[in-house]
Amino acid sequence: MVPKTTLIILTRNEIEGVKEIVPRIPLDAVDEVIAVDYKSTDGTVAFFEQHKIKVIKQQKKGRGEAFRLASEQAKNSNLLFFSPDGNEDPQDIPKIVSKLNEGYDMVIASRFMKGAHNEEDDQMIKLRKWANQGFTLLANLFWHGRLTDSINGYRIITKKAFESLKLDGEGFVIEYQMSIRALKLGLRIGEIPTYESSRIAGESGSWAVPTGIQFVIQLFKELFKQ
């Protein structure tokens, strides 16, 4: 029997994104859809309710908290995390589910492997891309990995694997911590190439310098954690 998948839509004031992206989601590729929303005030929750999508209302701030809350609430054995901000292509959902079903514990939609596209690829200065690749290189060096994108949140993981990682990271470091701990445990990690487009509206909740500092701190925590 093929394991069932819960698609988890992560939102905070993403009404423009959900209006455009949610109707494009191939719902036949998943078995359950839930939204984890942190105090949206722009109609995001009302949109989900109108479309009969269950909303988990997140009270504690942070992307890490959203991931853990989703794992607790999801009914199925596979967890697919998705942000409807325009960066992530919903047409990759069947591909990422299919890849996991090949026997992987986690599959990441990579913005940097062959055949992929990063939002900054058309720019001369690619600071965000280079920083992401640098952190991935360090994770690979320290924990003998072969990842091309350790940070992208567009990923699927089995609930069993998720629980085994005992994730306690806060904010946007949760994906990096997930990748590092999966490497530490020797979990089977796959990747598929994805096309990252520009945000539809609003601003990213991840500020470059503070987020970069958090990633450095998390890296050192993982290095010294037994």
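Tutor: Start with strand 2. Glu-32, Ile-34 and Val-36 on one side are all buried, as are Val-33, Ala-35 and Asp-37 on the other, so both faces are covered. Keep in mind that this is a predicted model.

Student: Why is strand 2 called largely enclosed by the rest of the structure?

Tutor: Count its buried residues. They come to 6 of the 6, so the strand is largely enclosed.

Student: Why do the residues split into two sides like that?

Tutor: In a regular strand the side chains alternate between the two faces of the sheet.

Student: How do you know which strands pair with strand 2?

Tutor: Pairing takes at least two bridges. Strand 1 is joined to strand 2 by 6 bridges, and the two run parallel. Strand 2 and strand 3 (residues 54-57) share 4 bridges and also run parallel. Both counts meet the cut-off, so both pairs stand. Ala-35 stands opposite Val-55 in strand 3.

Student: What makes up the β-α-β units that include strand 2?

Tutor: Strand 1, helix 1 and strand 2 form a right-handed one. Strand 2, helix 2 (residues 44-50) and strand 3 form another right-handed unit.

Student: How do you know that the buried residues of helix 4 line one face?

Tutor: First name them: Ile-93, Ile-96, Val-97 and Leu-100 in helix 4 (residues 93-100). Seen down the helix axis, these buried residues fall within an arc of 100 degrees, so they line one face. The general rule is that an α-helix has 3.6 residues a turn, so residues three or four places apart point the same way.

Student: What do the buried residues of helix 4 pack against?

Tutor: They pack against strand 1 (5-11), strand 4 (78-82), strand 5 (106-110), strand 6 (155-158) and strand 7 (189-193).

Student: What makes up the largest nonpolar core?

Tutor: It has 34 residues, and Ile-8, Val-36, Phe-81, Ile-157, Phe-162, Tyr-176 and Met-178 touch the most other members. Helix 7 (residues 174-185) gives the largest share, 6 residues. Apart from this core lies another, of 27 residues, including Ile-25, Phe-47, Ile-93 and Tyr-104.

Student: Which residues does Ile-8 touch, leaving out those up to four places away in sequence?

Tutor: Ile-34, Val-36, Ala-70, Leu-79, Leu-80, Phe-81 and Phe-82.

Student: Why is Glu-14 called buried?

Tutor: The cut-off is under 20% relative accessible area. Glu-14 has 14%, so it counts as buried. Glu-14 is found in the loop between strand 1 and helix 1 (15-21). Leaving out residues up to four places away in sequence, Glu-14 touches Asp-42, Thr-44, Pro-84, Asp-85, Arg-199 and Ala-201.

Student: And why is Lys-52 called exposed?

Tutor: Exposed means over 50%. Lys-52 has a relative accessible area of 76%, so the label holds. Its place is the loop between helix 2 and strand 3. By the same cut-off Lys-166 is exposed, with 65%. Lys-166 is in the loop between helix 6 (159-165) and helix 7.

Student: What makes the phi values of Lys-52 and Lys-166 worth a look?

Tutor: Most residues other than glycine have a negative phi. Lys-52 has a positive phi near 60 degrees and is not a glycine. Lys-166 is not a glycine either, and its phi is positive, about 50 degrees.

Student: How do you know whether the protein is as compact as a globular protein of its length?

Tutor: First, the protein has 8 helices and 7 strands. Its radius of gyration is 16 Å, close to the 17 Å that the globule rule gives for 226 residues, so it is as compact as a globular protein of that length. The C-alpha trace spans about 45 × 45 × 35 Å along its principal axes. Buried residues make up 53% of the 226.

Student: What share of the contacts join residues at least 24 apart in sequence?

Tutor: Among contacts between residues at least 6 apart, it is 75%.

How values were computed:
Residues are numbered from 1 along each chain as its sequence is written. This is a predicted model: local features need pLDDT of at least 70, side-chain atom pairs count only at pLDDT 80 or more; totals for chains, interfaces and linings use all residues. Side-chain values use heavy atoms; hydrogens and water are left out. A nonpolar core is a set of buried Ala, Val, Leu, Ile, Met, Phe, Trp, Tyr and Cys residues joined through side-chain atoms within 4.5 Å. Buried means under 20% relative accessible area, exposed over 50%, partly exposed in between (1.4 Å probe, protein chains only). Contact means heavy atoms within 4.5 Å. The arc is that of the directions from the helix axis to the C-beta atoms. A crossover is right-handed if, with the strands pointing away from the viewer, the path from the first strand over the helix to the second runs clockwise. The radius of gyration is taken over C-alpha atoms; the globule rule is 2.2 Å times the number of residues to the power 0.38.
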